[in-house]
Amino acid sequence: MQIHSAEFVISNTDVGKCPKDPIPEYAFIGRSNVGKSSLINMITNRKGLAKTSGTPGKTQLINHFRMDNRWFLVDLPGYGYARVSKKQRKGFQKLITDYFEKRKQLVCAFVLIDLRLEPQKTDLEFMYWLGTNSIPFTIVFTKADKLKPAAVSRKTGEYLQKLTEDAWEEAPPHIVTSAQNGTGKDELLGYIEHINQQ
Ligand code: GTP
Ligand code: MG
């Protein structure tokens, strides 16, 4: 699948004000700086569509983008960012949990994970929370360009094994990506297209 039109629709702090169109929605979520906004720009071929930054905490709102008038892509704020105030951090959490609890159009969350780090408590807790709330998710490993291919395979295997040891009978689906060199673009778009056609 290629995306022909990618259009910014609205940014919100209030889930109730998100677009009402009854079309499928896919959300990108993960720790601050993991590469959510960069990945959105990569799969849409639009460099500045979602705002990116080397400073964690760039995305602070729920951002809706309409793709080919058929589905929504959502850029969410990161979780687990230690340098924002406690009050603000709580706000992020509520914004994020509200979004996932209330957004009925959501068909799949993409949980972004930086493969270079050991499994992080916040990520594991977040996926567990999605699981207990029956919210379907797929893991997207990011920044694959920063590791050699053999290390990518090894780290991916270790990560998925950790999940099955901890909480899951079966590891969730996963996709390896790099916003820098385009790895995983076709797989991710094909995955979305496949769900859209069901
Ligand atoms: P918040 O909005 O702050 O939660 O961050 P985010 O998850 O949206 O991350 P963002 O896309 O802004 O990227 C954070 C930093 O990581 C930027 O400096 C990006 O250039 C860099 N980055 C993102 N994806 C990749 C990647 O695939 N490879 C490399 N090498 N760097 C990346
Ligand atoms: Mg962002």
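**Exercise 1. Which of the 23 residues around ligand 1 come nearest?** Then describe the shell around ligand 1 by class.

*Solution.* Start with the model itself. It is predicted. Its scores are ipTM 0.99 and pTM 0.94. The mean pLDDT of the protein chain is 91, and 94% of its residues reach 70 or more.

Step 1. Find the nearest residues. They are Gly35, Ser38, Thr52, Thr59 and Gly78.

Step 2. Sort the shell by class. It has 14 polar, 5 charged and 4 nonpolar residues.

**Exercise 2. Decide how far helix α1 is covered, and name what its buried residues pack against.**

*Solution.* Step 1. Locate the helix. α1 spans residues 36-44.

Step 1. Apply the cut-off: a residue is buried if 20 or more other C-beta atoms lie within 10 Å of its own. By this test 8 of the 9 residues of α1 are buried, so the helix is mostly covered.

Step 2. List the buried ones. They are Lys36, Ser37, Ser38, Leu39, Ile40, Met42, Ile43 and Thr44.

Step 3. Look at the packing partners. Five are strands: β1 (6-12), β2 (25-30), β4 (71-75), β5 (106-114) and β6 (137-142). The helix α5 (185-196) is also a partner.

Step 4. Check the end of the helix. Just after α1, asparagine 45 takes a positive phi of about 60°.

**Exercise 3. Work out how strand β2 is covered and which strands it pairs with.**

*Solution.* Step 1. Count the buried residues. In β2, 6 of its 6 residues are buried.

Step 1. Separate the two faces. In a regular strand the side chains alternate between the two faces of the sheet. In β2, Glu25, Ala27 and Ile29 lie on one side, and Tyr26, Phe28 and Gly30 on the other. Both faces are covered.

Step 2. Trace the pairing. β2 pairs with β4 in the parallel sense over 4 bridges. Tyrosine 26 has leucine 73 of β4 as its bridge partner. β2 also pairs with β5 in the parallel sense, over 6 bridges. There, glycine 30 has leucine 112 as its bridge partner.

Methods
Residues numbered from 1 in each chain as written. Chains lettered and ligands numbered in written order. Predicted model: local features only at pLDDT ≥ 70, side-chain atom pairs only at ≥ 80, totals over all residues. Buried ≥ 20, exposed ≤ 12 C-beta atoms within 10 Å, placed from the backbone. Helix = DSSP H or I, 4+ residues; strand = E, 2+ residues; numbered from the N terminus. Contact = placed C-beta atoms within 7 Å. Near = placed C-beta within 6 Å. Nonpolar A, V, L, I, M, F, W, Y, C, P; charged D, E, K, R; others polar. pLDDT = per-residue confidence, 0-100. Pairing = 2+ DSSP bridges.
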